[in-house]
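Thanks for coming. Please have the structure open.

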Amino acid sequence: MLRDLSALKENVVSLASFVVIIVIWWVVATFGSIPAFILPSPVAVVSATLERAVDGLLWSDSLASASRVLIGFLIAAATALPLGILMGASPLARAAAEPLIGFIRYMPVSAFLPLTLIWAGIEEAQKWLLIWIGTFFSQTMMFMDAVKRVPVDLLNVGHTLGFSKAKILRRIILPWAMPGIWDALRITLAWSWSWLILAELVAAGMGLGYRMSVDQRYLRTAEIFSAVIFIGLIGLASDQMMKFAGRKLFSWAEGGKL
Amino acid sequence: MNAAQPVKLVLDRVTKRFGDATTGLLALDKFDLSIDENSFVALVGPSGCGKSTALNIVAGLEQASSGIIMVDGREVTGPGRDRGVVFQSYTLMPWLTVAENVEFALIDEFDKARRRVIALEHLQLVGLGDFAGHYPSQLSGGMRQRVAIARSLSYRPKVLLMDEPFGALDAMTRYQMQELLLRIWDEHKLTVLFITHDIEEAVFLADRAILMSARPGRIKLEIAIDLPRPRGNEIRTSEHFQRLKRELLSAVNAAGH
Ligand SMILES: Nc1ncnc2c1ncn2[C@@H]1O[C@H](COP(=O)(O)OP(=O)(O)O)[C@@H](O)[C@H]1O
Ligand SMILES: [Mg+2]
């Protein structure tokens with residue numbers, strides 16, 4: 001009972017802070033002397049959102065953006081998984097690839113934008129490429145880390161049971177690393193959205209980022225606010241879903257692994 | 001236990017140097033040991049004297065720098081299912097249930113139904129028949145080690161290697177585990193190499209207690225534990241038990257640790 005009550009209190013407090021911010025925003029936008037193209041009121045943002053939802057633009061843009069994120073993210077994950085696992089399991093592969101990947105990871109992703117345009121044009125492939133550059137290297141390092149952390153004693157159990165290398169990988173290393181791999185996927189999915197918006201702002205014919213670049217030209221600030229908040233909500237929802245699924249799938253890893 | 005038993009496990013001048021071949025740390029120096037079939041040998045020594053190194057070499061997890069290890073007259077070159085190992089740390093797979101952890105040792109050996117039967121048999125043996133569906137995180141340390149023992153016995157290794165398996169347990173649990181281990185050993189007829197830094201544990205369990213010197217590990221003293229079997233916890237207070245314990249203790253103190 002006590003726990004329930006404090007959880008309820010927590011929710012009330014977090015909700016209250018949202019309400020307070022929105023009220024302040026509303027007051028400043030309505031009674032302050034700031035022009036609407038700088039700070040639109042929350043009411044204007046909601047009505048802009050509703051308008052876009054009714055005429056369907058919101059949904060077609062969201063769909064275009066979400067499918068780009070999903071494809072780019074999946075390509076990155078599919079390429080990073082084998083390499084990350086290999087690097088985690090083999091010191092030789094690690095020695096060969098870790099310094100290089102570790103270095104590339106510190107290059108600013110946004111600086112690759114011109115190159116993606118030269119290499120992949122302005123169509124879908126360019127969006128995927130930027131997402132790939134923005135997530136692949138970090139994913140690889142995170143997957144490697146998850147695999148590397150398998151306790152030696154568990155590997156030794158496999159050895160003493162006469163397991164082959166492949167069997168140790170399948171039966172011990174991968175199950176152990178899965179929660180860490182899932183977490184890395186969850187974190188990098190959120191990044192993928194940032195890189196996609198960046199790519200769409202520069203070159204696209206549809207998508208939430210593209211729409212914002214058009215809105216900016218016409219000073220439709222309420223629409224831009226609406227898009228930013230909407231992207232945030234999509235990110236929050238997908239993150240919560242991944243978290244929930246992770247808890248269901250890997251309940252054994254809750255509160256420490258051993 | 002007597003001269004009629006064939007030799008099961010032999011370590012012949014086993015030397016282990018970590019790191020550089022000449023200047024590296026010498027953990028074992030021409031270590032000799034021979035263990036008869038179905039006997040229980042305890043290796044006792046101060047922390048860092050090379051006990052785990054010796055056991056890991058026998059298990060095939062570590063390579064000797066020189067010397068030979070033989071099981072049933074055949075040279076050991078790597079890990080194998082003829083030798084089961086119980087480690088000091090908890091080594092159950094946390095994503096598997098207790099029963100699945102025992103079955104883990106039998107994957108690809110039997111079909112699923114047969115695996116389950118063998119797993120349950122061995123869980124009953126260690127008194128955990130009712131915990132088949134639990135996860136390791138729901139078990140106490142002693143229970144986890146019992147599952148690990150069940151897992152090691154399930155595939156019938158010829159030799160059981162135990163590296164301070166009860167070292168992390170509280171004294172009461174340790175006593176219970178020692179009695180349980182002796183009961184299983186009596187029933188199963190197993191060759192056991194048991195490592196401990198606890199002299200009382202060695203005296204209670206073993207047929208022979210072998211005391212190692214500080215690094216590099218060499219055998220300093222070996223005594224036959226001629227206490228009657230089966231042994232129960234009440235034997236710990238007997239004069240005979242205490243005398244054997246004193247004998248080992250004085251040898252330890254003579255070294256001046
Ligand atoms: N992989 C290793 N590399 C270098 N030194 C090691 C390694 N493993 C053990 N040692 C050293 O060898 C000695 C014996 O270790 P160990 O066999 O674990 O001792 P014990 O089990 O008797 O406590 C210790 O000094 C330890 O630090
Ligand atoms: Mg040790």
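Helix α1 of chain B, residues 51-59, is mostly covered, with eight of its nine residues buried. Keep in mind that this is a predicted model. Buried here means under 20% relative accessible area, with the protein chains counted as cover.

Which residues of α1(B) are buried? They are K51(B), T53(B), A54(B), L55(B), N56(B), I57(B), V58(B) and A59(B). The list therefore includes a lysine, K51(B), which is buried under the 20% cut-off. In general, residues three or four places apart on an α-helix point the same way, because there are 3.6 residues a turn. In α1(B), the buried residues include the run from T53(B) to A59(B). Just after the helix comes G60(B), with a positive phi of about 90 degrees.

On overall form, the radius of gyration of chain A is 23 Å, whereas a compact globule of 258 residues would be near 18 Å. The C-alpha trace spans about 75 × 60 × 30 Å along its principal axes.

Among contacts in chain A with a separation of 6 or more, 71% are between residues 24 or more positions apart.

Last, the surface and the charges. Chain A exposes about 14,300 Å², and 72% of that comes from carbon and sulfur atoms. Chain A has 21 positive and 16 negative charges, and their mean positions lie 10 Å apart.

Key: Residues are numbered from 1 along each chain as its sequence is written. Chains are lettered from A and ligands numbered from 1 in the order in which they are written. This is a predicted model: local features need pLDDT of at least 70, side-chain atom pairs count only at pLDDT 80 or more; totals for chains, interfaces and linings use all residues. Side-chain values use heavy atoms; hydrogens and water are left out. The radius of gyration is taken over C-alpha atoms; the globule rule is 2.2 Å times the number of residues to the power 0.38. Contact means heavy atoms within 4.5 Å. Accessible areas come from the Shrake-Rupley method with a 1.4 Å probe; for residues, only the protein chains shown count as cover. Lys and Arg count as positive and Asp and Glu as negative; His and the chain ends are not counted. The place of a charge is taken as NZ of Lys, CZ of Arg, CG of Asp or CD of Glu. Buried means under 20% relative accessible area, exposed over 50%, partly exposed in between (1.4 Å probe, protein chains only). Helices (H or I, at least four residues) and strands (E, at least two) are DSSP runs, numbered from the N terminus.
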